[in-house]
Amino acid sequence: MKPILKWQYDQLLKELLLLQEHQTDPTCPCSTDGEMCVRKHLLAIEGYAQETIPMEEEKRFREKLQNLAAEAQSYREQEEEALRGNTEHVSLVDWSRKWRKEFEEYSLEL
């Protein structure tokens, strides 16, 4: 794996882990001081997935990245509606864990 691609996947995995942690830690004041942690991490996941697609040579992983980016965008839009008070916040713990597992072993390749 090219160093830039490894870096991309490392960043993507970090964001997925942080999202998972923010959603499972009841002491995280996610919506104070304008932080909006869930939205922030979804934006980063969406962006890293989109940015990584053209770098990825493996078709299977390009498709996974496309799906991840689309799902992250959809969940981000839902989170934005929840932040506006129009809907409930969605739990993304299982979703972020599932996607982390999709890329974790692959990202260990050098």
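Trainee: Which residues does Arg 39 touch, leaving out residues up to four places away in sequence?

Mentor: Arg 39 touches Arg 76, Glu 79, Glu 80 and Leu 83. Keep in mind that this is a predicted model.

Trainee: Where does Arg 39 lie?

Mentor: Arg 39 is found in helix α2.

Trainee: Is Arg 39 buried, partly exposed or exposed?

Mentor: Read the relative accessibility against the cut-offs: under 20% is buried, over 50% is exposed. Arg 39 has 29% relative accessibility, so Arg 39 counts as partly exposed.

Trainee: How far is Arg 39 from Ser 107?

Mentor: Their C-alpha atoms are separated by 24 Å. Along the chain, the two are 68 residues apart.

Trainee: What about Leu 42: buried or exposed?

Mentor: Leu 42 is in helix α2 too. Its relative accessible area is 0%, so Leu 42 is buried.

Trainee: What does Leu 42 touch, with residues up to four places away left out?

Mentor: Leu 42 touches Leu 19, Ala 72, Tyr 75, Arg 76, Glu 79, Leu 92 and Trp 95. Leu 42 and Ser 74 are 32 residues apart in sequence. From C-alpha to C-alpha, Leu 42 and Ser 74 are 9.4 Å apart.

Trainee: Next, Leu 65. In which helix does Leu 65 lie?

Mentor: Leu 65 lies in helix α3, residues 59-83. Leu 65 has a relative accessible area of 0%, so Leu 65 is buried.

Trainee: Which residues touch Leu 65, again without those up to four places away?

Mentor: Tyr 9, Leu 12, Ala 49, Thr 52, Ile 53, Glu 56 and Phe 103. Compare a separation along the chain too. Leu 65 and Glu 80 are 15 residues apart along the chain, and their C-alpha atoms are separated by 22 Å.

Trainee: Now helix pairs. At what angle do α1 and α2 cross?

Mentor: Look at how close the axes come, then at the angle. The axes of α1 and helix α2, residues 37-52, come within 9 Å and cross at roughly 160 degrees. Angles over 145 degrees count as roughly antiparallel, so α1 is roughly antiparallel to α2. The crossing of α1 past α2 is left-handed.

Trainee: Which residues of α1 and α2 make the contact?

Mentor: From α1, they include Leu 5, Trp 7, Tyr 9, Leu 12 and Leu 19. From α2, they include Val 38, Leu 42, Ile 45, Tyr 48 and Ala 49. Sort the contact by class: it has 14 nonpolar, six polar and two charged residues.

Trainee: How do α1 and α4 cross?

Mentor: Helix α1 spans residues 3-24, and helix α4 spans residues 93-104. Their axes come within 9 Å and cross at roughly 155 degrees. That angle makes α1 roughly antiparallel to α4. Here too α1 passes in a left-handed crossing.

Trainee: Which residues make the contact of α1 with α4?

Mentor: On the α1 side, Tyr 9, Leu 12, Leu 13 and Leu 16 are among them. On the α4 side, Trp 95, Trp 99, Arg 100 and Phe 103 are among them. By class, the contact divides into ten nonpolar, four polar and three charged residues.

Trainee: Last point. What average pLDDT does the chain have?

Mentor: Start with the general rule. Where pLDDT is low, the predicted coordinates should not be read in detail. This chain averages a pLDDT of 92, and 95% of the residues score at least 70.

Trainee: Where is confidence lowest, and where is it highest?

Mentor: Confidence is lowest in α1, at a mean of 94, and highest in α3, at 97.

Terms used. Residues are numbered from 1 along each chain as its sequence is written. This is a predicted model: local features need pLDDT of at least 70, side-chain atom pairs count only at pLDDT 80 or more; totals for chains, interfaces and linings use all residues. Side-chain values use heavy atoms; hydrogens and water are left out. Helices (H or I, at least four residues) and strands (E, at least two) are DSSP runs, numbered from the N terminus. Buried means under 20% relative accessible area, exposed over 50%, partly exposed in between (1.4 Å probe, protein chains only). Contact means heavy atoms within 4.5 Å. Axes are lines fitted to C-alpha atoms, for helices over the stretch in contact, and angles run from 0 to 180 degrees between N-to-C directions. Angles under 35 degrees count as roughly parallel, over 145 as roughly antiparallel, 65 to 115 as roughly perpendicular and the rest as oblique. A crossing is left-handed if the near helix is turned anticlockwise from the far one by less than a right angle, and right-handed if clockwise. Ala, Val, Leu, Ile, Met, Phe, Trp, Tyr, Cys and Pro count as nonpolar, Asp, Glu, Lys and Arg as charged, and the others, Gly among them, as polar. pLDDT is the predictor's confidence in each residue, from 0 to 100.
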